[in-house]
Amino acid sequence: LSIGYGATNAVGTLTLNNGTVFHGGPGGGAFFALNINCVDVGAQGGNGTLTINGGQFLNNSPLYLGDGAGANGALYLNGGLLQATVVQPINTPASATAYFNGGTLQATTNSGDFLSGIVANVMGGGLVLDSGGWNVTVLTTTLQPGDALNGGLVKTGLGGLYLDAASTYTGTTVVNDGLLAGIGSISGPVVVNPGGSIGAGDADSATIGSPLSIYNSMTLQGS
């Protein structure tokens, strides 16, 4: 599935307000032979925007924000559910930007770098990240504030979320289910609810014992 494909003046948008979009199966043609079974938002010089306000975007493949020189890819996750194996640019596009503002991003497999190479803006509505029973790592991407409304992060789903980068969003991090760990840092307050747990160290056993730094208060109701 390609949203905005072709020349530099190509513009594609997909807006989901309710209902379900199911993406599966390989694409066709010469371009898609190299990018089998992916969601491409802005490709080959085109400009693409994926906006999810509600509903479900069920997808068991990579979500590429920007694909190829000159391409621009943007994601606005304002509500609903978006699934992906990874969210990243590919083939050095001009920009790859995500705005997390209340919707749920759900992993569909283990990932060593789930949000890779994108500008990740945490807006006032916050990011709900559901690890979906898998172990996912945010390795290098900074989860940064996208506005002045103090949005935070809600960790849901079984499995682990490992924050290995310095997160600079200022809202509250809430762990409802599963494990939150990593070797990065969190700027805002942290609340661990009874179904959640917090630890330190990465999914990589070589970093077990390395600290997860919390530069604020922590409320521990879980483990």
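**Close-up views of a predicted model**

View 1. Pro89 lies in strand β10 (residues 87-90). Strands are DSSP runs of E with at least two residues, helices are runs of H or I with at least four residues, and both are numbered from the N terminus. The model is predicted: local features need pLDDT of at least 70 and side-chain atom pairs count only at pLDDT 80 or more, while totals for chains, interfaces and linings use all residues. Residues are numbered from 1 along each chain as its sequence is written, and side-chain values use heavy atoms, with hydrogens and water left out. Setting aside residues up to four places away in sequence, Pro89 touches Leu65, Gly66, Ala96, Ser116, Gly117 and Ile118, where contact means heavy atoms within 4.5 Å.

View 2. Three bridges link β1 with strand β4 (residues 39-43) in the parallel sense.

**View 3. Ser61 in its loop.** Ser61 is in the loop between β6 (56-59) and β7 (63-67). Its relative accessible area is 2%, so Ser61 is buried (buried means under 20% relative accessible area, exposed over 50% and partly exposed in between, with a 1.4 Å probe and protein chains only). The side chains of Ser61 and Asn59 are joined by a polar contact of 2.4 Å. A polar contact is a pair of N or O atoms within 3.5 Å; within protein, one must be able to donate a hydrogen and the other to accept it, and residues adjacent in sequence count only if both atoms are side-chain atoms. Beyond its neighbours within four places in sequence, Ser61 is in contact with His23, Asn37, Cys38, Val39, Ala84 and Thr85.

**View 4. An aromatic pair.** Rings of Phe, Tyr and Trp (its six-membered ring) pair if their centres lie within 6.5 Å; planes under 30 degrees apart count as stacked, over 60 as edge-to-face and the rest as tilted. This rule gives one aromatic pair. The ring centres of Tyr76 and Tyr99 are 4.6 Å apart with the planes at 10°, so the pair is stacked. Because Tyr76 belongs to strand β8 (residues 72-77) and Tyr99 to strand β11 (residues 95-107), the pair ties together parts 23 residues apart in sequence. Tyr76 is partly exposed at 31% relative accessibility, and Tyr99 is partly exposed at 25%.

**View 5. Further parallel strands.** Strand β12 (residues 119-130) pairs with strand β15 (residues 153-156) in the parallel sense over four bridges, and Leu127 stands opposite Leu153 in β15. β15 also runs parallel to strand β18 (residues 173-175), with three bridges joining them; here Lys155 stands opposite Val175. Another open sheet of four strands has the order β13-β16-β19-β22 and parallel pairing. Its edge strands are β13 (135-138) and β22 (196-198).

Note on methods: Two strands pair if DSSP finds at least two bridges between them.
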